[in-house]
Structures are given as structure tokens and as C-alpha cells.
Amino acid sequence: MNIIEVCKALYNRKYVVGSGGNISIREGDRIYITPTGSILGFLDWNDLAIVKLNGEVVRGKPSSELNLHLKIYQKREDVKAIIHTHSLLSTYIGSRREIEMKTFEGKHFIKKISYVDFLEPGSLELAEEVSKQDGDVIILKDHGIVALGKSLEEAYIKVEVLEEQAKLNLLDLLLNSL
Ligand SMILES: [Zn+2]
């Protein structure tokens, strides 16, 4: 699984639409990140921007959420991959109530969800607030989610599992309202 394949999967499965979302991986002192304003489903390797951990751009035009990625990597040595999506139900439900883990899989892959009130996308304030959180996944209220992993695969699994759990939360809400 590589970053381009993950971009296509997220786009094809509608975890991002239009030019939303961004992904990065960290290899040593280098961060590979999707470019600003791009459609994740149509990227290739040459489009990826490369940035050093101190923020120095080596190549390309990094995502407008570069600061969010950098600040997380600077604070959390264990994080090697970050996926930011606009997953529909995770974002919608997570903006209004806490998402409960309803299955073994949910509890296994997502130990803690953090919640951050709406702050301007791409802003330094948002980057700082998100990097203070210690969740596996961070809900950016009325915006999207940020999934962290020790690997790209782990972060990707969290995106999918969280959305599944959000669906189960919605089903419970619907059944309980009958
Ligand atoms: Zn976003």
C-alpha cells in the first residue's frame, strides 16, 4: 500500500470529494505530502511535495494543511502517517455527539477519539489545537477527521473503521427513535 493508492482509494470510496483531504507520510526527516488544491483521486508520484520536518520545502507545493501535519510529526515521534479526510458520517455525527465504538473491530483499532471545535481550515490555530490532542483519530468539528498511524495502512484502517462506527451510531439513533 502506498500513498498514491491510498489517495485513489479515499477518493473512489468518497472519504474525500472535490479537492478535499490530504495525506502525508514521514520517512526520517522527510515528509511526503499531497499537493495543495489537488484532487486525491488523480495524483501521481511526481505531484507529491517533499518537506523537511522543520518546514523547509524541498519540492512541490504542499497541502494548505501542511502546518497541521508538521506540528503533529514534530510532537509525536510515533506517528508516521497522517490522513485528513472529510468522511461524511464521521464528521457529521462526530460534530454533534461522541462516536461510540460499537464492535470489536472499532474498539480494537480506535482507542481514543479527540474532538476539536471548528477553526479555520489551513490555519495555524487549527494546526496547534490538533497537535495538542492525543487521540488515534481527531474529529475537526464541521470539517473532517484526522487519522494517525504508525504506518499508512494503520491510518487508512482508522479512516474506514471510524466511518463504519459512525454508520452504526446512526443506525442506533434511527432505531431508538422509532
Ligand atoms: Zn479539510
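This is a conversation about a predicted model, in which each description is set against its definition.

Visitor: Why is leucine 10 called buried?

Guide: Buried means under 20% relative accessible area, exposed means over 50%, and partly exposed is the range in between, with a 1.4 Å probe and protein chains only. Leucine 10 has a relative accessible area of 0%, and is therefore buried. It is found in helix H1, where helices (H or I, at least four residues) and strands (E, at least two) are DSSP runs numbered from the N terminus.

Visitor: Which residues are in contact with leucine 10, leaving aside its neighbours within four places in sequence?

Guide: Contact means heavy atoms within 4.5 Å, and with those neighbours left aside leucine 10 is in contact with Tyr15, Val16, Ile23, Ile83, Thr85, Tyr156 and Val159.

Visitor: What makes a set of residues a nonpolar core?

Guide: The set must consist of buried Ala, Val, Leu, Ile, Met, Phe, Trp, Tyr and Cys residues joined through side-chain atoms within 4.5 Å. The largest such core here has 31 residues, of which Leu10, Ile23, Ile83, Ile99, Leu152 and Leu162 touch the most other members. Among the elements that give two or more residues to this core are helix H1 (3–12), strand S1 (22–27), strand S5 (81–85) and helix H6 (152–176). H6 gives the most, with 7 residues. Apart from this core lies another, of 20 residues, among them Ala49, Val51, Leu140 and Val146.

Visitor: How do you know that H1 and H6 are roughly parallel?

Guide: Axes are lines fitted to C-alpha atoms, for helices over the stretch in contact, and angles run from 0 to 180 degrees between N-to-C directions. Angles under 35 degrees count as roughly parallel, over 145 as roughly antiparallel, 65 to 115 as roughly perpendicular and the rest as oblique. H1 and H6 pack at an angle of about 10 degrees, with their axes 11 Å apart, and the two helices are therefore roughly parallel to each other. The contact is made by Ile3, Val6, Ala9 and Leu10 of H1 and by Leu152, Tyr156 and Val159 of H6. By class it has 7 nonpolar, no polar and no charged residues, where Ala, Val, Leu, Ile, Met, Phe, Trp, Tyr, Cys and Pro count as nonpolar, Asp, Glu, Lys and Arg as charged, and the others, Gly among them, as polar.

Visitor: What makes H2 roughly parallel to H5?

Guide: The axes of helix H2 (residues 66–75) and helix H5 (residues 124–131) come within 8 Å and cross at roughly 30 degrees, and this angle makes H2 roughly parallel to H5. H2 passes H5 in a right-handed crossing, a term used if the near helix is turned clockwise from the far one by less than a right angle, with anticlockwise giving a left-handed one. The contact is made by Asn67, Leu68, Lys71, Ile72 and Lys75 of H2 and Leu124, Leu126, Ala127, Glu128, Val130 and Ser131 of H5, and these residues divide into 6 nonpolar, 2 polar and 3 charged.

Visitor: Why is glutamate 100 called partly exposed?

Guide: Glutamate 100 has 48% relative accessibility, a value in the intermediate range, and so counts as partly exposed. Its place is in the loop between H3 and helix H4 (104–109). Not counting residues up to four places away in sequence, glutamate 100 touches Gln165 and Asn169.

Visitor: What makes the phi of lysine 14 worth a remark?

Guide: Phi of lysine 14 is near 65 degrees, a positive value in a residue other than glycine. Aspartate 142, in the loop between S7 and S8, also has a positive phi, near 55 degrees, and with a relative accessible area of 51% aspartate 142 is exposed.

Terms used
Residues numbered from 1 in each chain as written. Predicted model: local features only at pLDDT ≥ 70, side-chain atom pairs only at ≥ 80, totals over all residues. Heavy atoms only, no water.
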